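Colleague: I am new to this structure and would like to learn how to read it. Could you take me through some features, one at a time?

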Amino acid sequence: MNERFLASTVACPDCDLLQHLSPLEPGDKLRCVRCDSLLAKRPIGPEGFCLALTVAATISYIIANTSPLMDLSVVGRSASTTIAGGALEMWRENEQLTAALVAICAIIAPGAYLLYMLVLQVAAHRSPVPRWVGGMLRSVHHFEMWSMLEVMLLGILVALIKIAQLASVEPGIGLWGVGALVVLFPAIIVTFDEREIWQRMEWYDGEIPELAVAEALAAKAHG
Amino acid sequence: MSTAMNASVTAAQLGLMSCESCQLLSRPSSVLEATYCPRCGEHLAFRRHGSIQKTWALIIAATICYFPAMLLPVLVSTTLGSSEDDTILSGVAYLYTSGSWPLALIVLVASVMIPLGKLAALAWLLITVQRGSIKNNHDRTRLYRVVELIGRWSMLDVFVDAFTVALVQLSPLMSVAPGTGVLFFAAVVVLTMFAAETFDPRLIWDSGEQHPVVHG
């Protein structure tokens, strides 16, 4: 590899201090010696565990988005809503920007996050990892930041309790889906080994990482 | 077993740029032209471009939006012809008087205190960075991390309003519509989240460094 680049040295994202990274054991977390920011981590859990969690989350996502979140009934009349209904009703009431924000944080960002995570984890089985995976990894951070399912769940609970004073409300199946997602999302983030994928990735400028070459040679020797 | 080795030198001092996306360190071929990470193609800079100006602009805009967000109604409920306006604070008061004080506290913290705290914290970080402060670097970095982490929770009230509006649509019996305050409140949340993103925490540490750092 080009000597312009230092493979085992990183700069702290929060204070820019250069630090050497020794090889990490599963479960290891390396923190900046100066500001205590997380520099690198290697998750525990068997290979493919994160992908399994992502598949489980995708199923929960489909259930959460297709089933009613809650039903309301008052003197013989009833109504129910889904996640999309929350955004849609805001749109109809001429609050398009707020509706878009709700849709982004509750539907689009989590959905895109899961889709990208599925595709990039499957693609990462190849060595070297194709370079378009790098672009997906970059986007994943933004989707992660704007996925606010845990905030939405609390928001729904507050709304349920407020409305419960006026009418009888019942949680629906969709709410269980949201509950599962709120648990699965942090589990995916914790078990995802991003560093490992970056190390095996074909570079944007066309260079092939040493590690990937070694793996390919080893596979050839075995085959 | 692994330990981090202290080299006591920053990437910028050695003329290295750290990719904010994939962590790769690289030396820019030229200071004048735009540089991209050779591994992932991310735009590279020693420090986030115009970090101080952009963050100030965003928090000033958020502060302006904060007042209408608190004063204007977020929900307008109509029950059998009579309508009633609800602001965020009256919503908190309603939760408190109806007996669920833990929820009232959660909404008060998430909707009123977190946005205010974020604005105050970011303003303080900017002022100390601009004055070249070298004190409390650890605490300031920790404060920045807290701001980054808790910011999303102020979206709570937007979700409460959206789902209340979505569910309570039994006109003419009872219906709820969003008020103008919701838009301003959503703006506060989005602007403060962007402000936390544009602030560069590495600036906190730059004042204490021996060699001047190249600013973007």
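Modeller: Gladly! Let us begin with angles between elements: axes are lines fitted to C-alpha atoms, and angles run from 0 to 180 degrees between N-to-C directions. Please keep in mind that this is a predicted model.

Colleague: Thanks! At about what angle does helix α5 of chain A run to β7(A)?

Modeller: Helix α5 (residues 149-164) runs at about 155 degrees to β7(A), and it lies across β5 and β7 of chain A.

Colleague: In what order do the strands of that sheet of chain A come?

Modeller: The order is β6-β5-β7, an open sheet of 3 strands with antiparallel pairing. Its edge strands, β6 (77-81) and β7 (168-171), each pair on one side only. From one strand to the next, the twist averages 20 degrees. Strand β5 (residues 70-74) is joined to β7(A) over 4 bridges, and A:Asp71 stands opposite A:Glu170 in β7(A).

Colleague: Which residues of helix α2 of chain A are buried?

Modeller: In α2 (residues 83-92), they are A:Ile83, A:Gly85, A:Gly86, A:Ala87, A:Glu89 and A:Met90. After α2(A) comes A:Asn94, with a positive phi near 65 degrees.

Colleague: And chain B: how many helices and strands does it have?

Modeller: Chain B has 7 helices and 9 strands. Its radius of gyration is 22 Å, well over the 17 Å that the globule rule gives for 216 residues, so chain B is more spread out than a compact globule.

Colleague: Which domains are assigned in chain B?

Modeller: The assignment gives domain 1 (1-46) and domain 2 (50-206). The centres of these two domains of chain B, taken over C-alpha atoms, are separated by 34 Å.

Notes
Residues are numbered from 1 along each chain as its sequence is written. Chains are lettered from A and ligands numbered from 1 in the order in which they are written. This is a predicted model: local features need pLDDT of at least 70, side-chain atom pairs count only at pLDDT 80 or more; totals for chains, interfaces and linings use all residues. A residue is buried if 20 or more other C-beta atoms lie within 10 Å of its own, exposed if 12 or fewer, and partly exposed in between; C-beta atoms are placed from the backbone. Helices (H or I, at least four residues) and strands (E, at least two) are DSSP runs, numbered from the N terminus. The radius of gyration is taken over C-alpha atoms; the globule rule is 2.2 Å times the number of residues to the power 0.38. Domain bounds come from an automatic or database domain assignment. Two strands pair if DSSP finds at least two bridges between them. Two residues are in contact if their C-beta atoms, placed from the backbone, lie within 7 Å.
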